[in-house]
There are 2 protein chains.
Amino acid sequence: MKRLETDECGFASALNAISGKWKMGILWEVTLRPRRFGELRRLLPGVSEKVLAQQLREMEADDLIRREVFPGAVQKVEYSATDFGRSLNEAVDALSRWGKAFEKRQERKAMVA
Amino acid sequence: MKRLETDECGFASALNAISGKWKMGILWEVTLRPRRFGELRRLLPGVSEKVLAQQLREMEADDLIRREVFPGAVQKVEYSATDFGRSLNEAVDALSRWGKAFEKRQERKAMVA
DNA sequence: AAAACCACTTACCTTGGGGTGAGCGCTTAC
DNA sequence: GTAAGCGCTCACCCCAAGGTAAGTGGTTTT
């Protein structure tokens, strides 16, 4: 992912962490419980393996999620939310509530039209 | 702008309102005081006239800003934030603060490396 | 032996958001 | 009379995010 110049703007920095089509979806899922790669594929219909792997790597590098490889004959990898990742979810909360209100407005407009 | 399917997810709805490279910058500027088209050009270095006009139209349609044409010999158009637009700025606040924290982490990582 | 699950990687292609530069109709300054 | 400012629009181009499909190296099920 190309990063924006943040020049001390918190919002731009936050965008650098959350921009990526599936990142917030991934974060949400791993917040609920640890998830395996294939599980996430199924939970996020439409995501490609390439992009899923890619965004998981970036989120790990950004310390939003943790990647754990479990020993054993069959490969097992689990992704879970870090405390910092959870804090992002909370920060996004106010915006989500605003989004709900926005959605309602849009629906009202669609009604009239 | 192509809109995402929101399927009752507030965050996705919010993204539909704020995605656009200059929208949050525009919103911020018109929140401080009403701004004219040329003024915004200067305040947002790098924005092209095409995209500025485009995003202003979309934000007007989304009720985030108000467009007022003033009568007179020379063209004068002013853009200002609606109450709803101001409420978006507030909703983004928590995320911006999170972004600040993220930025600090990134800087620390860059130090070590 | 074949197919299917695991977690990926790699090469290739498509899409659309945004930049570039020119033009428009009008007015005011030099 | 010409340049510069106002607020735009239009045709064209670029590029990076993301999708597609195939492959990899292992194991387990049938």
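Q: What should I know about the ground rules?
A: This is a predicted model, where local features need pLDDT of at least 70, side-chain atom pairs count only at pLDDT 80 or more, and totals for chains, interfaces and linings use all residues. Residues are numbered from 1 along each chain as its sequence is written, chains are lettered from A and ligands numbered from 1 in the order in which they are written, and side-chain values use heavy atoms, with hydrogens and water left out.

Q: OK, how many helices and strands in chain A?
A: Chain A has five helices and three strands. Both are DSSP runs, numbered from the N terminus: helices are H or I with at least four residues, strands are E with at least two.

Q: And in which order do they run?
A: Starting at the N terminus, chain A goes α-α-β-α-α-β-β-α.

Q: What's the radius of gyration of chain A?
A: Chain A has 17 Å, while a compact globule of 113 residues would have a value near 13 Å. The radius is taken over C-alpha atoms, and the globule rule is 2.2 Å times the number of residues to the power 0.38. Along the principal axes, the C-alpha atoms of chain A fill a box of roughly 60 × 35 × 25 Å.

Q: How much of chain A is buried?
A: 43% of its 113 residues count as buried. Buried means under 20% relative accessible area, exposed means over 50%, and partly exposed is in between, with a 1.4 Å probe and protein chains only.

Q: What about surface and charge?
A: The accessible surface of chain A is about 6,700 Å², and 54% of that belongs to carbon and sulfur atoms. Areas come from the Shrake-Rupley method with a 1.4 Å probe; for residues, only the protein chains shown count as cover. Chain A also carries 21 positive and 17 negative side chains, with the centres of the two sets 7 Å apart. Lys and Arg count as positive, Asp and Glu as negative, and His and the chain ends are not counted. The place of a charge is NZ of Lys, CZ of Arg, CG of Asp or CD of Glu.

Q: Switching to the sheet: what order do the strands of chain A take?
A: The three strands form an open, antiparallel sheet in the order 1-3-2. Strand 1 (35–36) and strand 2 (65–70) of chain A are the edge strands, each pairing on one side only. Two strands pair if DSSP finds at least two bridges between them.

Q: How many bridges are there between strand 2 and strand 3 of chain A?
A: Six, in the antiparallel sense. Glu68(A) has Glu78(A) in strand 3 as its bridge partner. The hairpin of these two strands has five residues between them, and Gly72(A) there takes a positive phi near 145°. Strand 1 of chain A pairs with strand 3 (residues 76–81) over two bridges, and Arg35(A) has Tyr79(A) as its bridge partner.

Q: Over in chain B, is Glu78(B) buried or exposed?
A: Glu78(B) is buried, because its relative accessible area is 19%. This residue is in strand 3 (residues 76–81) of chain B. Beyond its neighbours within four places in sequence, Glu78(B) contacts several residues, including Arg35(B), Arg36(B), Arg66(B) and Arg67(B). Contact means heavy atoms within 4.5 Å.

Q: Now helices. How many residues of helix 1 of chain A are buried?
A: Eight of its nine residues are buried, so helix 1 is mostly covered. Among them are Phe11(A), Ala14(A) and Ile18(A).

Q: What do those buried residues pack against?
A: They pack against helix 2 and helix 5 (83–112) of chain A, together with helix 1 (10–18), helix 2 and helix 5 (83–112) of chain B.

Q: And what follows helix 1 of chain A?
A: Gly20(A), with a positive phi near 140°. Ser19(A) is in the loop between helix 1 and helix 2 of chain A, and is partly exposed at 30% relative accessible area.

Q: Which residues does Leu27(A) touch?
A: Not counting residues up to four places away in sequence, Leu27(A) touches Met59(A), Leu64(A), Ile65(A), Gly85(A), Leu88(A) and Asn89(A). Leu27(A) is in helix 2 (residues 23–32) of chain A and counts as buried at 0% relative accessibility.
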